[in-house]
Amino acid sequence: MEKMVGEMSGGTLTIDKKAPGELVGALEVFDAVSSGQADMYHSADYYYINQHPGYAYFTAVPFGGTAQEVSNWYYHGGGEQLHDELGEIFNLKGLLAGNSGSQSGGWFRKEINSADDFNGLKFRMPGLGGKVLGKLGASVQNIPGGELYQALSSGALDGLEWVGPMADERAGFQEVAKVYYTAGFHEPGSALASSVNLDVWNELSDQHKAILRYASMAVTQFQLAETLANNGAALARLQSQGVKTLQFSDDVWDAFGKASAEVMDENMGDELFAKIRNSFEASLATSASWINKSDGYYVQQRVRVLGG
């Protein structure tokens, strides 16, 4: 995004990107930008549900929207305005900037044959999805990405979810675990955010605000296309290294669904969370009513007729 912003502004607006730990820790960026210690962060907003549970919707929620459905809501269903309303509480201007599509179900040391197998499992999953696994008895950890390989290889974790085949291969998880569930309930369309300190945002020119907004939109599409273009080949390489790819059984999915409903309902006492949830689910219903009858049905028929 920093390259896009520099080029679009002719160098009049620049982003000085810092690595995790260089200015603050990876999970400390929200507070740093909110307080003005930093101007902008790039992160997954569901890391900050302890600030407000509504932030989950600006990354992903259990049984939520695909990447396309999230964009539909954000840009055409009121999501961007709700991101702003939530951000005003914390002195932030939210911008979606990235989406890695559907997240894999995760890496495990052993197969999951029933929902009971999550009981006592040491598993990394952030956001509301992690709270769902907690209801199934898992010991849920919220560990930054850079620490995951070591945690899995040392046994500090029994399993983890990260992103998908391309990113997971880069992380090297196939070296320390061989059971890989390719579909997950927790992040069907995982967005990232580049949020700006609101005081800094308000001082920007209209042109610079537009550049940041449109660059964030471009990054979202670019990252999604990059991820989906590379996941298939990466998955084939993982399988060639002995990784066993599986899907959770229907009864496990049913347990995910029951626990997810409980987690979501627990937050409905918060007026803004309820407002965000209702808006999101209304948009999802509208999107799905067409997608199921068009793209979804088409893909089923394409696979049936041509295979794949």
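What is the volume of the second largest cavity? The second largest cavity has a volume of about 30 Å³. The model is predicted, so local features need pLDDT of at least 70 and side-chain atom pairs count only at pLDDT 80 or more, while totals for chains, interfaces and linings use all residues. Residues are numbered from 1 along each chain as its sequence is written, and side-chain values use heavy atoms, with hydrogens and water left out.

A cavity is a set of points, on a 1 Å grid over the protein atoms alone, where a 1.4 Å probe fits but cannot get out; lining residues have an atom within 4 Å of a point. Points are joined across faces, edges and corners, and a volume is the space filled by probe spheres set on them. Two cavities of 30 Å³ or more are counted.

The lining of the second largest cavity includes Tyr 57, Val 61, Pro 188 and Phe 280. That lining has six nonpolar, three polar and no charged residues (Ala, Val, Leu, Ile, Met, Phe, Trp, Tyr, Cys and Pro count as nonpolar, Asp, Glu, Lys and Arg as charged, and the others, Gly among them, as polar). The largest cavity, of about 40 Å³, is lined by residues including Phe 123, Met 125 and His 186; its lining divides into eight nonpolar, three polar and no charged.

Phe 123 also has Val 140 of strand E6 as its bridge partner. Strands are DSSP runs (E, at least two residues), numbered from the N terminus, and two strands pair if DSSP finds at least two bridges between them. Strand E5 (residues 122-124) runs parallel to E6, joined by three bridges. An open sheet of six strands has the order E6-E5-E7-E4-E8-E10, with mixed pairing. E6 (139-141) and E10 (244-246) each have a single partner strand, so one side of each lacks a neighbour in the sheet.

Terms used. On a 1 Å grid over the protein atoms alone, a cavity is a set of points where a 1.4 Å probe fits but cannot get out, and a pocket is an open set with protein on both sides within 12 Å along at least five of seven lines; lining residues have an atom within 4 Å of a point. Helices (H or I, at least four residues) and strands (E, at least two) are DSSP runs, numbered from the N terminus.
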